Amino acid sequence: MQAWAEEVHRELKRAGVRLVGYVPDAGHKRLIELCRADKSMRAVVLTTEEDGIGLAAGAWLGGKRSVLLMQSSGVGNTVNVLGLLKTCGFPLVMIVTMRGEAGEFNAWQVPMGEGTPAAFETMGVAVSRASTADEVAPLVAAALKDERATAVLISQKVIGIKSFQDQTNQ
């Protein structure tokens with residue numbers, strides 16, 4: 001189902017990631033489960049995505065690798081604090097599940113889904129996009145080798161369309 005999550009988890013381990021910040025997200029559900037079960041990683045649930053930038057800064061200062069998992073609607077919460085990355089120059093990998101793309105049922109998701117790449121690029125974050133499941137892990141692996149702020153956007157085609165019916169059934 002979400003084989004890309006297992007592949008990404010392997011890439012995170014290979015890169016020595018020890019801290020994973022996340023806001024609960026159905027698109028990242030399997031990856032979050034894998035990180036939480038991994039004894040070599042600490043998965044930290046966040047109240048808001050902007051807290052993940054500070055968490056990553058602390059990890060970097062402490063000599064630890066980290067990543068931040070979020071969905072596109074949370075990117076807007078990070079814009080102000082992304083200035084910290086630009087000013088301090090520490091690396092951060094953000095893995096972002098996209099909403100507001102083809103087939104989106106929730107009109108509130110569309111503006112931030114459309115604006116996510118530009119919001120990141122405006123703040124100096126390098127952006128790559130996985131349009132298929134096979135592209136996710138290689139793009140994450142490349143981002144983990146980069147020494148700057150990077151965002152890997154996972155297309156809604158990869159994670160699937162979320163619906164209120166699906167949420168009711170959970």
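**View 1. Contacts between helices H1 and H2.** Trp4, Ala5, Glu6, Val8, His9 and Leu12 of H1 meet Arg30, Leu31, Leu34 and Cys35 of H2; contact means heavy atoms within 4.5 Å. The model is predicted: local features need pLDDT of at least 70, side-chain atom pairs count only at pLDDT 80 or more, and totals for chains, interfaces and linings use all residues. Residues are numbered from 1 along each chain as its sequence is written, and side-chain values use heavy atoms, with hydrogens and water left out. Helices (H or I, at least four residues) and strands (E, at least two) are DSSP runs, numbered from the N terminus. H1 covers residues 3–14 and H2 residues 29–37; their axes come within 8 Å and cross at roughly 40°. H1 is therefore oblique to H2. Angles under 35 degrees count as roughly parallel, over 145 as roughly antiparallel, 65 to 115 as roughly perpendicular and the rest as oblique. Axes are lines fitted to C-alpha atoms, for helices over the stretch in contact, and angles run from 0 to 180 degrees between N-to-C directions. H1 passes H2 in a right-handed crossing, that is, with the near helix turned clockwise from the far one by less than a right angle.

**View 2. Helix H1 against helix H6.** The axes of H1 and H6 are 8 Å apart, and the two helices pack at an angle of about 15°. H1 and H6 are therefore roughly parallel to each other, and their crossing is right-handed. On the H1 side the contacts involve Trp4, Glu7, Val8, Glu11 and Leu12, which meet Ala133, Val136, Ala137, Val140, Ala141 and Leu144 in H6.

**View 3. The two sides of helix H6.** Within H6 (residues 133–145), Val136, Ala137, Val140, Ala141, Ala143 and Leu144 are buried. Seen down the axis of H6, these buried residues fall within an arc of 165°, so they line one face of the helix; the arc is that of the directions from the helix axis to the C-beta atoms. Asp134 and Lys145 are exposed on the other side of H6. Buried means under 20% relative accessible area, exposed over 50% and partly exposed in between, with a 1.4 Å probe and protein chains only.

**View 4. The open sheet.** Six strands form this sheet, in the order S2-S1-S3-S4-S6-S5, with parallel pairing. Strands S2 (42–45) and S5 (126–130) stand at the edges with a single partner strand each, so one side of each is left without a neighbour in the sheet. Neighbouring strands are turned by 20° against each other on average, direction ignored. Two strands pair if DSSP finds at least two bridges between them.

**View 5. Strand S3 and its partners.** S3 (residues 65–71) runs parallel to S1 (residues 17–22), and five bridges join the two. Leu19 stands opposite Ser66 in S3, and Tyr22 stands opposite Leu69 in S3. Five bridges also join S3 to S4, again in parallel, with Leu68 opposite Met94 in S4. Six of the seven residues of S3 are buried, so the strand is largely enclosed by the rest of the structure. Helix H3 (residues 49–61) lies across S1, S2, S3 and S4 (92–97), running at about 175° to S3.

**View 6. Thr48 in the loop between S2 and H3.** Thr48 sits in the loop that lies between S2 and H3. Its relative accessible area is 18%, so Thr48 is buried. Not counting residues up to four places away in sequence, Thr48 touches Val23 and Asn77.
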